[in-house]
Each structure stands twice: as structure tokens, then as C-alpha cells.
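Subject: Structure handover

Here is the structure we discussed, with the sequence alongside. Please load both before reading on; the findings follow below.

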Amino acid sequence: MTKQEIVAQIKQAAAANYDEAYGWSVIVECMSDEEIEQEFVADGWDLKKAMAEVKSFVSDQSDYYDEIKATAW
């Protein structure tokens, strides 16, 4: 699988999970294909490894969002 194919799969997963956690929307709304590749797809990585990085990012972003939301009121 090429890097571009992995990026496409990440974008598809992000769109499908958009409402599930804040981090997915960050990928959809804020990241270009080049940024997705730089952040999540290293040389020699397969889709499984890239998605593990994506899920870690989503979790971190969602935790940060929840912290901010909890202090807003």
C-alpha cells in the first residue's frame, strides 16, 4: 500500500468517525493530505501502524478538548 493510499484510508476513517471523538474532526477539518502523511505515515509503515498513530492522536486531542470543555464553565 502506498503512502497516498494510507492517507486516503485515514481520511475515510476520519470522515466515518467524525462525530465519535473530537480528534477525528481535527483530521477532517484541519489537516491537508501532506500533513496527514507527515504526522501519521512514516517510511515502511503499513496501514495498521499508521492507524495506531492516528488513534493515539485522536485520543490525545479528545482528552485535551474534554479538559478545555470542563473548565469553560
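Lys11 has a relative accessibility of 39% and therefore counts as partly exposed (buried is under 20% relative accessible area, exposed over 50%, partly exposed in between; 1.4 Å probe, protein chains only). Its partner is Asp33: the two side chains form a salt bridge with an N to O distance of 2.8 Å (a side-chain nitrogen of Lys or Arg within 4 Å of a carboxyl oxygen of Asp or Glu). The pair links distant parts of the chain, as Asp33 is in helix α3 and Lys11 in helix α1, 22 residues apart. Asp33, at 35% relative accessibility, is also partly exposed.

This is a predicted model: local features need pLDDT of at least 70 and side-chain atom pairs pLDDT 80 or more, while totals for chains, interfaces and linings use all residues. Numbering starts from 1 along each chain as its sequence is written, and side-chain values use heavy atoms, with hydrogens and water left out.

Salt bridges

The structure holds four salt bridges. Besides the pair above, one of them joins Glu37 to Lys3, with the closest N and O atoms 3.9 Å apart. Glu37 belongs to helix α3 and Lys3 to helix α1, so this bridge ties together parts 34 residues apart in sequence. Glu37 is partly exposed at 25% relative accessibility, and Lys3 is partly exposed at 27%.

Lys3 also bridges to Asp43, where the closest N and O atoms are 2.5 Å apart. Asp43 sits in the loop between α3 and α4 and Lys3 in helix α1, so here the tied parts are 40 residues apart in sequence. Asp43 counts as exposed, at 65% relative accessibility.

Overall layout

The chain has four helices and zero strands (DSSP runs numbered from the N terminus: helices H or I, at least four residues; strands E, at least two). Along the sequence the pattern reads α-α-α-α. The C-alpha trace spans about 45 × 20 × 20 Å along its principal axes. Of the 73 residues, 27% count as buried.

Among contacts (heavy atoms within 4.5 Å) with a separation of 6 or more, 63% are between residues 24 or more positions apart.

Helix α2

Helix α2 covers residues 22-30, and its buried residues are Gly23, Trp24, Ser25, Val26 and Ile27.

Helix α4

Lys48 is in helix α4 and is exposed, with a relative accessible area of 71%. From Lys48 to Ile6 the C-alpha distance is 9.4 Å, while the two are 42 residues apart in sequence. Asp66 is found in helix α4 as well; its relative accessible area is 40%, so Asp66 is partly exposed.

Charge

The chain has 6 positive and 16 negative side chains (Lys and Arg against Asp and Glu; His and chain ends not counted). The centres of the two sets lie 6 Å apart, with each charge placed at NZ of Lys, CZ of Arg, CG of Asp or CD of Glu. Asp60, Asp63, Asp66 and Glu67 form a negative surface patch (like charges joined within 9 Å, residues with over 30% relative accessible area and no salt bridge).

Methods
Patches are made of residues with over 30% relative accessible area and no salt bridge: like charges are joined within 9 Å, nonpolar side chains (Val, Leu, Ile, Met, Phe, Trp, Tyr) within 5 Å. Accessible areas come from the Shrake-Rupley method with a 1.4 Å probe; for residues, only the protein chains shown count as cover.
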